[in-house]
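Hi everyone, thanks for coming. Let me put the model up and walk you through it.

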Amino acid sequence: MKPEVTVAALLLVGFLVALFIHDWTTRARNRRLLYVQLAVFAAGALLILFPEIARRLAAAVGIGRGVDFVIYPTVIWLVRESLVNRRRRREEEERLTELARSVAIERAHEV
């Protein structure tokens, strides 16, 4: 199997490498998550450089095109992330409201 090195493939792989370097330098705490991210990015780079792998995997699971094999799970993951972030934001708003209420009650007792 021969890699298909195009300008687009090089740009996408370069973007993946830049994203990983950014996360590696800014997230020093959770290294385990970075290793998972590295595995996902390496798999993505592999599928970009060897699209025949994606085509074969897509055919094996009954999906028409290799790009659909990659996009379907990505869309599902993005929807999940959106829902998780929405829930976290709502929880943080509730905690902030409770904190503001506690401070207001505490200050009311001081007066």
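So, the largest pocket comes out at about 1,000 Å³, the volume being the space filled by probe spheres set on grid points joined across faces, edges and corners. Quick caveats: this is a predicted model, where local features need pLDDT of at least 70, side-chain atom pairs count only at pLDDT 80 or more, and totals for chains, interfaces and linings use all residues. Residues are numbered from 1 along each chain as its sequence is written, and side-chain values use heavy atoms, leaving out hydrogens and water.

A pocket here is an open set of points on a 1 Å grid over the protein atoms alone, where a 1.4 Å probe fits, with protein on both sides within 12 Å along at least five of seven lines; lining residues have an atom within 4 Å of a point.

Who lines the largest pocket? There are 28 residues, and Leu16, Val40, Phe41, Thr74 and Trp77 lie nearest the centre. By class, that's 20 nonpolar, four polar and four charged: nonpolar is Ala, Val, Leu, Ile, Met, Phe, Trp, Tyr, Cys and Pro, charged is Asp, Glu, Lys and Arg, and polar is the others, Gly among them. Helices are DSSP runs of H or I, at least four residues, numbered from the N terminus. H1 (7-26), H2, H3 and H4 (66-110) each supply at least two lining residues, with H2 giving the most, 10.

Last stop, Asp68, which sits in H4. Is Asp68 buried or exposed? Buried, at 15% relative accessible area; the cut-offs are under 20% for buried, over 50% for exposed and partly exposed in between, with a 1.4 Å probe and protein chains only.
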